[in-house]
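Here is a brief report on one protein model. Keep the sequence and the structure in view while reading.

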Amino acid sequence: MRPLAAIAQKMGFVVTGSDKQTSPEILGARLWAPHDPSALQEPDLCVVSTAITPDNPELFSLRQAGCPIIHRSDFLTLLAKKHRRQIVVTGTHGKTSTSFLLAWILNQGGGKRKATNWVIGGKLLPEALDHYWDPENESIVYEGDESDQSFLKGEVDLGIVTSLEPDHLENYQNSFAVQQAKFRQFALKAKLLIAWAGIPELRELAQETYGLASTEADWKIDPDQQVSYRNQNFGTLELPSLTGQHNALNALAAIAAARACGVKPIDALEALSRFPGIARRFELVGITEQNIALYDDYAHHASEVEAAIATARSLADERGGRLIVLFQPHLPTRLRDLWEQFQGAFGGADALILLPLYIARGLPIEGVSSEALAPLIKNTRVFYEESFPQGAFRRTIELAKPNDLVLMLGAGDLSQHRETLLSSLRLSPSQRI
């Protein structure tokens with residue numbers, strides 16, 4: 001929503017908005033929290049996110065007044081139609097990172113002729129940018145959100161599918177088969193499709209595939225980070241700001257897509273060596289005087305959690321310390337649908353501090369909670385902390401020792417308290433409790 005609001009301002013619209021809790025400011029926009037119908041000023045158009053429920057009081061008031069109301073994805077589709085080439089990145093995970101990597105290549109490694117606009121649900125470091133908008137640019141990169149099927153809206157000149165696993169099944173008739181069929185529908189819409197080779201349902205529909213050296217793929221990356229296309233080697237991927245095998249694959253997808261847009265792979269690799277990083281994608285928050293490192297990552301799907309922990313485990317071993325993970329589950333339906341996967345997702349951690357389930361939308365489900373999950377988690381010490389953030393952070397600073405790596409995981413509000421945790425970890429052991 002934030003990048004869309006900012007772009008609307010750049011296009012000359014007066015922008016107002018609200019949320020259930022205070023949001024970071026958008027320069028020039030009037031914002032308020034919580035939702036309050038009396039604060040409305042008869043807008044010409046209302047744009048809503050999926051998180052806004054039908055009984056929202058502002059929404060009710062606007063309907064009564066006859067105000068046009070459209071979904072966030074419809075507004076994004078209108079913006080995208082202004083471009084000659086629409087590049088849509090979708091998948092159950094990896095969308096944000098792949099979108100940023102591709103946008104960076106096109107704007108840094110492709111020259112002015114290939115520069116692109118982008119609207120991405122994350123923030124590019126160090127300026128925390130979530131969009132780029134130049135009316136002269138002929139292409140746009142944006143994420144096609146599969147959570148609510150909005151990835152099926154609009155045109156797809158170049159499509160990228162990064163992954164396909166069960167998620168948000170409440171929006172797919174609680175059926176993974178239905179979700180797979182919708183991804184096939186997206187693939188058939190794309191004029192050119194680049195897909196991860198690990199998605200058998202899309203392999204025959206993709207013009208190009210990408211994967212590890214051990215897979216049957218057009219684009220490959222080997223353990224030495226060598227990038228090749230159909231046995232033609234282009235050089236070594238250097239991506240210091242993003243670590244892990246999953247991010248190497250995201251970068252490979254971006255290189256493949258950039259080549260389809262006219263950027264030479266060697267130029268793409270050079271651009272990626274200067275990639276500044278993404279907020280909350282294994283982002284280093286800080287290192288204390290006792291050499292305790294705090295990282296923050298957006299991972300919330302079981303597979304994302306496993307990938308982030310694998311990356312952190314390797315780094316913790318290099319540091320000679322242990323890995324302590326704080327995880328805040330996100331959405332009752334996701335926790336229910338991936339119940340067994342989450343039980344085995346934390347084996348790489350020395351200790352797990354499990355936080356209460358964050359309910360961004362939807363209603364609680366009986367028997368589906370962090371407290372119920374905690375005793376079922378395998379291969380690590382588990383501490384369920386009902387008190388957040390106080391109890392959870394108290395447990396963290398009790399456990400953390402010099403050289404340890406502390407990893408915060410989740411898509412809820414845990415990240416909002418990361419500076420508080422870092423400050424607590426900076427205290428000497430005698431001061432912490």
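β11 and β12 run parallel and are joined by three bridges. Here helices (H or I, at least four residues) and strands (E, at least two) are DSSP runs, numbered from the N terminus. Two strands pair if DSSP finds at least two bridges between them. Within this pairing, G211 stands opposite K220 of β12.

β11 also pairs with β10 (residues 192-196), again parallel and through three bridges. There I194 has E208 of β11 as its bridge partner. β11 spans residues 208-212, and four of its five residues are buried. Buried means under 20% relative accessible area, exposed over 50%, and partly exposed in between (1.4 Å probe, protein chains only).

## Basis of the model

The model is predicted: local features need pLDDT of at least 70, side-chain atom pairs count only at pLDDT 80 or more, and totals for chains, interfaces and linings use all residues. Residues are numbered from 1 along each chain as its sequence is written, and side-chain values use heavy atoms, with hydrogens and water left out.

## Nonpolar cores

The largest nonpolar core has 43 residues. Such a core is a set of buried Ala, Val, Leu, Ile, Met, Phe, Trp, Tyr and Cys residues joined through side-chain atoms within 4.5 Å. L102, W219, L237 and F275 touch the most other members. Elements that each supply at least two residues include β5 (85-90), α4 (95-109), β12 (219-221) and α6 (245-260). α6 gives the largest share, ten residues.

L102 touches I87, V141, I160, A254, A257 and A258, leaving aside residues up to four places away in sequence. Contact means heavy atoms within 4.5 Å. Another core, of 33 residues, lies apart from the largest one; V178, F186, A187 and A206 are among its members.

## The six-stranded sheet

An open sheet of six strands has the order β15-β16-β20-β17-β18-β19, with mixed pairing. β15 (283-287) and β19 are the edge strands, each with a single partner, so one side of each has no neighbour in the sheet. Neighbouring strands are turned by 20° against each other on average, direction ignored.

β16 (residues 293-297) and β20 (residues 405-410) run parallel, joined by five bridges. D297 has L409 of β20 as its bridge partner. Helix α8 (residues 302-319) packs on the sheet and touches β15, β16, β17 (323-328) and β20. The direction of α8 makes about 170° with that of β20. Helix α13 packs on the sheet too, touching β15, β16, β17 and β20, and its direction makes about 30° with that of β15.

## Helices α12 and α13

The axes of α12 (residues 390-399) and α13 (residues 418-426) come within 10 Å and cross at roughly 35°. Axes are lines fitted to C-alpha atoms, for helices over the stretch in contact, and angles run from 0 to 180 degrees between N-to-C directions. The crossing is right-handed, meaning that the near helix is turned clockwise from the far one by less than a right angle. F393, T396 and I397 of α12 meet T420, L421, S424 and L425 of α13.

## T380

Where is T380 placed? T380 sits in the loop between α11 (370-373) and β19 (381-384). Its relative accessibility is 18%, so T380 counts as buried. T380 touches F346, A349, D350, A351 and L352, not counting residues up to four places away in sequence. A polar atom of the T380 side chain lies 2.7 Å from the backbone oxygen of A349.

Conventions
A polar contact is a pair of N or O atoms within 3.5 Å; within protein, one must be able to donate a hydrogen and the other to accept it, and residues adjacent in sequence count only if both atoms are side-chain atoms.
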